[in-house]
Amino acid sequence: MMKNKFLLWIVCSLVAIPSMAQSHHSVVYDSTSVVMEESGLSHVAHHVRLRMLDRKGCASNNVLKMDYDPLSAYVEIQKVWVHRADGSTQQIRLDVFDYVKPSRSIFWNASQKMVQIGHLDPGDELEYVTYMKGFTYALLDDGSSDDQYIPPMRGHFYDIVPFWSNEPVAQKVYTVSVLNTKNLKYKIYGDDSQNPLSVSKTISGDRTVYTFTKRDIQPIKTERNMVASSDVFCKLLLSTVPNWESKSVWFYGVNESYGSYTPTAELQAKVSELLLGAKSEFDSLNILTHWVADNMRYCGLSMGKGEGYTHHNVTMNFTDRCGVCKGKASLLIAMLRAAGFEAYPVMTMAGSRIDDIPADQFNHSVAVVRLKNGKFQLIDPTWVPNVRELWSSAEQQQGYLIGSPEGLPLMTTPLSDPENHYIRISGHHKIT
């Protein structure tokens, strides 16, 4: 018998209209060449040529920008040319400006290198060559030599390469050279059978070179309320990491080695105070989760060592009460352990799918606790403020990886019961 409550969660758009924004420039070619070292350090050369289609395209490309984090990446804008529509070529003087990148809520050390291109006209083509070594997340390091640019999971390489675009692309090429001992795995998702991504493989001495090429890429068509573009359109995933279990063990180890969750006397005292009135396992989880959620503000500051995969330690988190999702998760894990729970860090991806190649497809960090019945319970202290849930019912069928000493596989969050959701109907009427 149906209960007297809504048992259906419907998210719908009455009119799903495919949209494709007008292109203001096109890509003549986009070439990326990656060379991986034994340590995992990668050298990335990027060569691009763009054609201006209208005045808006000219205005949006009159400054060349290159984003990076100085803690973990080194970048160069090496050469820039403008090929005029009249057939002449101008090499741009490389007066490179290096500024802090505009930020909101997360004020880490992200920076931008910029070169002023100057006036462009429709029909002009902008060509440039850049170089980068390093990766996109910082970890623990003393900042000496090239060590700071070696990926956190030392000796391994991964990449996520979109072969979809908002502008027309005549040709895009991605080449990666790895040592034969690295056993690179790759997989292509969302490819177009009418215009497939071509793959070639060449072995030369102790290295294997993989080349991925796609031509005539048309601008993507999107719809209102659709899933993430990376879940639909053509992308390439590559990784030398053997499996998710090894990533799980690494994620556990890097935080344990740093002492991210080692409780202090002050933290232990606070946990004991908070749990004086707790009557059950759920009471304890609820009290600690809501305390962290309500007493640690969401704001990312560059606090030195520990940005990226490594969680800040208890002394920093409990004293400053300030951090992003991983800071909140870290403090909660420490408090749960101080209360006698078995708790671990978790990496997940809010808003899009995690595919089965163990590349780092993560943008969010939460916590997990093992209950008395042996089952894991996910907890998200970033979500919790002002709500009763300990885990967001919006985060269902979402991939996640637990940092565990025994190494666990990639898992999927369970479906949320329909009783947790409601129907929202918006109507517009006109009486004539």
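Analyst: As a starting definition, two strands count as paired when DSSP finds at least two bridges between them. The model discussed here is a predicted one.

User: Which residue takes a positive phi in the hairpin of E13 and E14?

Analyst: Gly205 does, with a phi near 65°. The hairpin of E13 and E14 has two residues between its strands.

User: How many bridges join E13 to E14?

Analyst: Seven bridges connect strand E13, residues 198-204, with E14, and the two run antiparallel. Within this pairing, Lys201 has Tyr210 of E14 as its bridge partner.

User: And how many bridges are there between E11 and E14?

Analyst: There are ten bridges, again in the antiparallel sense, between strand E11 (residues 169-179) and strand E14 (residues 207-217). One of the bridged pairs consists of Val178 and Thr208, the latter in E14.

User: Turning to the open sheet of three strands, what is its order?

Analyst: The order is E10-E15-E12, and the pairing is antiparallel.

User: Which strands stand at the edges there?

Analyst: Strand E10 (158-162) and strand E12 (185-189) do; each has a single partner strand, so one side of each lacks a neighbour in the sheet. From one strand to the next, the twist averages 10°.

User: What joins E10 to E15?

Analyst: Five bridges link E10 with strand E15, residues 235-239, and these strands run antiparallel. Tyr158 stands opposite Ser239 in E15.

User: Now the helices. At what angle do the axes of H3 and H6 cross?

Analyst: The axes of helix H3 (residues 265-274) and helix H6 (residues 325-338) cross at roughly 70° and come within 9 Å. Angles of 65 to 115 degrees count as roughly perpendicular, so H3 is described as roughly perpendicular to H6.

User: Which residues meet in that contact of H3 with H6?

Analyst: From H3, Leu267, Gln268, Lys270, Val271 and Leu274 take part, and they meet Leu331, Ala334, Met335 and Ala338 of H6. By type, the residues of this contact are seven nonpolar, one polar and one charged.

User: How far does H4 reach from its first C-alpha to its last?

Analyst: Helix H4, residues 281-295, reaches 21 Å over its 15 residues, close to the 21 Å expected at 1.5 Å a residue.

User: Which residues of H4 are buried?

Analyst: Ser284, Leu285, Leu288, Thr289, His290, Trp291, Val292 and Ala293 are buried.

Key. Residues are numbered from 1 along each chain as its sequence is written. This is a predicted model: local features need pLDDT of at least 70, side-chain atom pairs count only at pLDDT 80 or more; totals for chains, interfaces and linings use all residues. Side-chain values use heavy atoms; hydrogens and water are left out. Axes are lines fitted to C-alpha atoms, for helices over the stretch in contact, and angles run from 0 to 180 degrees between N-to-C directions. Helices (H or I, at least four residues) and strands (E, at least two) are DSSP runs, numbered from the N terminus. Angles under 35 degrees count as roughly parallel, over 145 as roughly antiparallel, 65 to 115 as roughly perpendicular and the rest as oblique. Contact means heavy atoms within 4.5 Å. Ala, Val, Leu, Ile, Met, Phe, Trp, Tyr, Cys and Pro count as nonpolar, Asp, Glu, Lys and Arg as charged, and the others, Gly among them, as polar. The expected span of a helix is 1.5 Å times one less than its number of residues. Buried means under 20% relative accessible area, exposed over 50%, partly exposed in between (1.4 Å probe, protein chains only).
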